[in-house]
Amino acid sequence: MSLILFALVVRVRDGLPLSASTDFQHNPELQERKQQLRTISKALSLFPDRGVVKGHDLNIYFLSSEGVSYMSVCDARLPAAMAFCFLEDLRWEFTAHMDSAKVALAARPYPFLEFDNSIAWLQQQYNQRGGPALEVTLTEVQEDLKTRPLQILTLEEVEFTNGSANGHAEQLSESGQNQRLEPVTGPGILSLVLNIMCSSLNLIRGVHLIEYTFQDDYEGIWNVLAFLLAFLCCVGQCHLYLFHSSLKRVKSLTLLTVVVVCNCFLFGLRNVWQLLFHLAVAVLVTLLTLNRKLHDRTNDCGV
């Protein structure tokens with residue numbers, strides 16, 4: 001009979017699932033424990049680096065290291081030392097084959113599907129052979145558990161801590177972090193191309209004027225600053241369109257205002273049609289930025 005029923009690898013900072021074993025069982029308690037795994041994963045940063053949540057027939061074990069947590073649902077008859085041998089082996093295997101940079105940049109659930117086979121292989125080794133499969137020995141883990149006793153958590157503690165973590169996550173969302181916008185549309189791509197064109201023209205004209213400014217005793221320094229400031233504003237508009245930011249409306253309108261002022265100041269160095277082109281592009285990007293909403297993501301990560 002299998003004693004290690006399910007395994008999951010998640011990112012600690014936000015609980016994003018990275019990889020998981022395949023579950024073909026329809027045990028009601030197992031399904032309940034998997035739901036509890038999702039609850040625990042959302043608050044891992046507030047928990048110790050390892051712990052256990054005990055159930056009636058099934059226990060949840062977790063081990064966190066270097067921003068990644070390794071979690072498992074095991075039969076209650078499985079010794080805790082053996083469960084952590086499995087998690088240590090899982091950590092060893094994941095660290096050896098997965099790039100930490102890719103883990104940090106992952107945006108969607110389960111980006112490392114290829115690692116599912118490694119989890120399945122480890123589970124099979126433990127369930128069939130009943131012992132460590134890689135570098136970890138049972139004696140080492142037993143001694144470590146004696147030195148640092150395992151913290152036993154209750155479901156009430158998990159739910160309370162998760163509530164605190166969710167409150168913290170909401171604050172992060174309000175500050176504009178970890179938010180994804182709706183997909184870029186055709187007009188959005190067009191506006192970005194035109195805005196990049198405008199920013200390039202501003203930069204080229206500004207750099208070109210610097211040479212004449214030095215020769216004319218700095219009389220054209222304000223024109224140079226106007227071109228360069230317009231260039232920076234165009235770059236800022238592109239960034240605001242592509243990425244979510246707090247106070248987006250205020251920033252967008254501020255950038256638009258500066259672009260308008262800079263182009264009005266440059267009247268004479270640019271004809272009317274050139275000014276209208278730059279202003280129209282700036283207005284278009286601003287409107288598309290203000291109308292681009294946050295992507296409505298479901299909270300179900302499929303655990």
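Me: At what angle do helix α8 and helix α9 pack, and how far apart are their axes?
Reply: In this predicted model, α8 (residues 221–242) and α9 (residues 248–265) pack at about 150 degrees, and their axes are 9 Å apart.

Me: What makes α8 and α9 roughly antiparallel?
Reply: Angles over 145 degrees count as roughly antiparallel. The angle between α8 and α9 is about 150 degrees, and the pair is therefore called roughly antiparallel. The α8 and α9 crossing is left-handed.

Me: Which residues make the contact of α8 and α9?
Reply: From α8, they include Trp222, Ala226, Leu229, Ala230 and Cys233. From α9, they include Lys248, Lys251, Leu255, Leu256 and Phe265. Sorted by class, the contact of α8 with α9 has twelve nonpolar, four polar and two charged residues.

Me: Why is α2 called roughly perpendicular to α5?
Reply: Helix α2 (residues 80–97) packs against helix α5 (residues 138–147) at an angle of about 115 degrees, with the axes 9 Å apart. The range for roughly perpendicular is 65 to 115 degrees, and α2 is therefore placed in that class relative to α5. Their crossing is right-handed.

Me: Which residues of α2 and α5 meet?
Reply: Ala80, Ala81, Met82, Phe84 and Cys85 of α2 meet Leu138, Val141, Gln142 and Leu145 of α5. By class, the contact of α2 with α5 has eight nonpolar residues, one polar and no charged.

Me: Why is strand β5 said to be largely enclosed by the rest of the structure?
Reply: A residue is buried when its relative accessible area is under 20%. Eight of the eight residues of β5 (residues 68–75) are buried, so the strand is described as largely enclosed. Across the protein, 42% of the 303 residues count as buried.

Me: How do you know that β5 pairs with β1 and with β4, and in which sense?
Reply: Pairing requires at least two bridges between the strands. Seven bridges join β1 (residues 4–11) to β5, and these strands run antiparallel. Strand β4 (residues 58–65) is paired with β5 over eight bridges, also in the antiparallel sense.

Me: Is asparagine 202 buried or exposed, and how do you know?
Reply: Asparagine 202 lies in helix α7 (residues 186–215). Its relative accessible area is 1%, and the cut-off is under 20%, so asparagine 202 is buried.

Me: Which residues is asparagine 202 in contact with, leaving aside neighbours within four places in sequence?
Reply: They are Phe227, Ala230, Phe231, Cys234, Arg270 and His278. Ala230 is also one of the α8 residues in the contact with α9.

Note on methods:
Residues numbered from 1 in each chain as written. Predicted model: local features only at pLDDT ≥ 70, side-chain atom pairs only at ≥ 80, totals over all residues. Heavy atoms only, no water. Axes fitted to C-alpha atoms, helices over the stretch in contact; angles between N-to-C directions. Helix = DSSP H or I, 4+ residues; strand = E, 2+ residues; numbered from the N terminus. Parallel < 35°, antiparallel > 145°, perpendicular 65-115°, else oblique. Left-handed = near helix turned anticlockwise from the far one by under 90°. Contact = heavy atoms within 4.5 Å. Nonpolar A, V, L, I, M, F, W, Y, C, P; charged D, E, K, R; others polar. Buried < 20%, exposed > 50% of the residue type's maximum accessible area, 1.4 Å probe, protein only.
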